[in-house]
Amino acid sequence: MNIENYLKDWKKKVDDKLNEHLPSKEEYPPLLHKAMRYTVLAGGKRIRSILMLTAYSISGGYDFDEIMPVSSAIELIHAYSLIHDDLPAMDNDDYRRGLPSSHKKFGEDIAILAGDALFSHAFYIIAHSNIKPVLKEKVLKNLTETIGDKGIIGGQTEDVLFEESNKSPKLLRYIHSHKTASFFSAVCELGTILAETSEDKILAARKGGLLMGMAFQIQDDILDVEGKKEEMGKEVRKDNNKLTYPSVYGTGFSKIIARKYSSLALKQLKVLNPKDKTFENILNLLTTRKN
Ligand code: GRG
């Protein structure tokens, strides 16, 4: 299947499940539920879910009804991170997914609470799913480790604390690998865990996802320099005081580094299923994407 159609088809399935898993706007308290639904359903590529589903299916998984709650949880956690990332105390972004960001639409108080509620709802969905208990435990361990102080929140902390005088490639790698790539690593690994594949393949998924996440975040940095607001659905040229690959290596060399990470990622992800080309096609799209 053509890769664009593959992504479109999965995005639709992920969106439908999200709609089902989110509380309705009418439920009390309605403003909170409206705000939760607003950012999650505003759009988004659903790439983290699609990576999990791809790793699952090419590793022999077939019970998609069982694992779709993990896809919804992934997207709720991601949306929560975007809402909090956009807050004035963090990146102070007015637009997200082509719409006013959550705090612009609902105020900071409700935006913070909507993020918090999405976070807990993600784990509620997993807890109430029909995933086998042994796998459920692995999913919970994986996600909580990925999100916490040694994962996304750790990376975000160094990102907000960054000062020009501390510009170093080591810090840059720490921020990108924790803030963004750790989630890519987790979702690829989760697909293989849920498919109950071999330990060597689970490890390859974990490593490949991390390398892919690095390529993804470098492309995100490049798009902040070269991209268009209308295509990105968010403000561009916002990273001027941030530690990014273009600010350390320049845009041209950053593109070479992104391609290198992408080819290293493919080497690992090929281990899951050497004949399957889906990850190769996704990687090609991610490093040439415009949004
Ligand atoms: C622990 C989940 C969590 C959050 C608390 C606020 C925060 C700490 C972390 C911010 C992490 C963050 C937003 C990193 C940037 C990652 C990134 C490149 C986001 C854009 O992802 P896309 O392009 O967005 O997949 P769409 O809209 O397509 O889903």
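The legends below describe close-up views of a predicted model. In this predicted model, local features need pLDDT of at least 70 and side-chain atom pairs count only at pLDDT 80 or more, while totals for chains, interfaces and linings use all residues. Residues are numbered from 1 along each chain as its sequence is written, and side-chain values use heavy atoms, with hydrogens and water left out.

**View 1. Packing of helix H8 (residues 152-161) on helix H9 (residues 169-194).** The axes are 7 Å apart and the angle is about 140 degrees. H8 is therefore oblique to H9 (roughly parallel is under 35 degrees, roughly antiparallel over 145, roughly perpendicular 65 to 115, and oblique the rest). Contact (heavy atoms within 4.5 Å) involves Gly-154 and Gly-155 among the H8 residues, and Tyr-174 and His-178 among those of H9. By class, five nonpolar, five polar and three charged residues take part.

**View 2. The largest nonpolar core.** Such a core is a set of buried (under 20% relative accessible area, 1.4 Å probe, protein chains only) Ala, Val, Leu, Ile, Met, Phe, Trp, Tyr and Cys residues joined through side-chain atoms within 4.5 Å. Beyond its neighbours within four places in sequence, Met-52 touches residues including Ile-67, Val-187 and Leu-194.

**View 3. Helix H1 (residues 3-21) against helix H14 (residues 278-286).** The axes lie 10 Å apart at about 95 degrees, so H1 is roughly perpendicular to H14. Ile-3, Glu-4, Tyr-6 and Leu-7 of H1 meet Thr-278, Asn-281, Ile-282 and Leu-285 of H14.

Definitions and conventions:
Axes fitted to C-alpha atoms, helices over the stretch in contact; angles between N-to-C directions. Helix = DSSP H or I, 4+ residues; strand = E, 2+ residues; numbered from the N terminus. Nonpolar A, V, L, I, M, F, W, Y, C, P; charged D, E, K, R; others polar. Buried < 20%, exposed > 50% of the residue type's maximum accessible area, 1.4 Å probe, protein only.
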